[in-house]
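Subject: Structure handover

Hello,

Please find the structure below, followed by notes on what was found in it.

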Amino acid sequence: MRTVRALWGASHPGPSVVVTALSLALGLAAGLETWRLVVLVASVLFGQLSIGISNDAIDRERDRAVGRTDKPLVRGEVSNRAAWIAAGASVVIALGLSAVLGWGMLLAHAVTIASAWSYNLGLKSTSVSVVPFLVSFGLFPSLATLSSPDPALTAPFAAVAGAALGAAVHLTNVLPDLDDDRDTGVRGLPHRLGAPASVFVAVAGIVVAAIAVLIGGGSQGVLAWLFFGAVLALAVAVVVRMRLRGPDRTGFRLVMAAALVLAAQLVVAAGSLR
């Protein structure tokens with residue numbers, strides 16, 4: 001059980017849970033029947049576990065060099081070998097479950113996972129570090145619509161919203177680690193832009209996503225505008241938080257909260273996802 005707890009801690013549990021919850025909301029918005037919804041959510045969860053654990057396994061020595069004692073692998077609670085076995089097994093399970101839902105879902109999920117792994121394996125240190133987030137989050141809504149008996153890619157507005165949110169997630173997630181990353185040779189897009197510009201672009205991404213969902217989600221009356229206002233309020237909160245406290249994890253959490261609000265709006269606008 002200690003090893004399981006350590007692996008869970010290495011999986012970036014907060015983002016993993018939020019992304020899994022997003023898959024549930026998108027599956028509901030796509031009108032999936034219960035068994036398909038369960039398989040979709042389980043597949044996404046295992047995919048996220050593989051991404052998070054592999055990230056910590058790859059970065060173990062870098063994290064150790066900058067004193068990241070919050071990491072189970074740095075503390076020695078689980079070995080790198082066990083982490084790689086868990087990450088590999090999670091990929092196999094994720095893709096196996098995806099195959100149950102059809103070849104379209106299998107291919108799309110394989111691309112989203114491979115894109116995320118490419119970030120872990122080196123793209124994070126380049127000027128195109130945002131590209132895996134654009135690809136994975138842009139394709140993510142299609143995992144739900146491709147899981148239906150009549151599979152299809154998601155509506156374009158949902159892909160745009162996903163990609164815009166992906167950029168915001170990337171830019172806010174790395175801000176607290178900019179100095180540590182530079183010290184260990186990581187110089188992705190946020191490092192090149194700097195914290196102020198990264199926050200500006202991230203907030204712009206949230207606003208673009210909110211507008212895309214508001215327009216693409218169809219006419220929903222007052223409720224649609226309430227959701228839109230809530231997302232804009234979260235975008236403002238990101239700016240205020242960064243200005244008052246500097247880069248920290250709260251900005252990233254606010255962006256993930258915006259993603260959940262947008263997903264909830266899609267559930268209300270059932271049918272618009274396709």
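Axes here are lines fitted to C-alpha atoms, for helices over the stretch in contact, and angles run from 0 to 180 degrees between N-to-C directions. Helices are DSSP runs (H or I, at least four residues), numbered from the N terminus. This is a predicted model, in which local features need pLDDT of at least 70 and side-chain atom pairs count only at pLDDT 80 or more, while totals for chains, interfaces and linings use all residues. Residues are numbered from 1 along each chain as its sequence is written, and side-chain values use heavy atoms, with hydrogens and water left out.

Helix pair α13 and α14

Helix α13 (residues 222-245) packs with helix α14 (residues 249-268) at an angle of about 175 degrees, and their axes are 9 Å apart. The two are therefore roughly antiparallel, a term for angles over 145 degrees. The contact (heavy atoms within 4.5 Å) involves, among others, L223, F227, L234 and R241 of α13, and T250, L254, V261 and Q265 of α14. By class, the contact residues are 18 nonpolar, 3 polar and 1 charged. Nonpolar covers Ala, Val, Leu, Ile, Met, Phe, Trp, Tyr, Cys and Pro; charged covers Asp, Glu, Lys and Arg; the others, Gly among them, are polar.

Helix α7

Helix α7 (residues 103-121) has 19 residues and spans 26 Å from first to last C-alpha, close to the expected 27 Å (1.5 Å times one less than the number of residues). Its buried residues (under 20% relative accessible area, 1.4 Å probe, protein chains only) include M105, H109, W117 and N120. The buried residues of α7 pack against α3 (34-58), α6 (80-100), α8 (131-145) and α9 (156-173).

T20

T20 is in helix α2 (residues 13-29) and counts as buried because its relative accessibility is 11%. A polar atom of the T20 side chain lies 2.7 Å from the backbone oxygen of S16. Leaving out residues up to four places away in sequence, T20 touches V41, V44 and L45.

H12

H12 lies in the loop between α1 (2-10) and α2. Its relative accessibility is 26%, so H12 counts as partly exposed (between the 20% limit for buried and the 50% above which a residue is exposed). The H12 side chain makes a polar contact of 2.8 Å with that of D56; such a contact is a pair of N or O atoms within 3.5 Å, one able to donate a hydrogen and the other to accept it, and residues adjacent in sequence count only if both atoms are side-chain atoms. Beyond its neighbours within four places in sequence, H12 is in contact with G52, N55, D56 and K71. H12 and K71 are 59 residues apart in sequence, with 9.5 Å between their C-alpha atoms.

Regards

Note on methods:
Angles under 35 degrees count as roughly parallel, over 145 as roughly antiparallel, 65 to 115 as roughly perpendicular and the rest as oblique.
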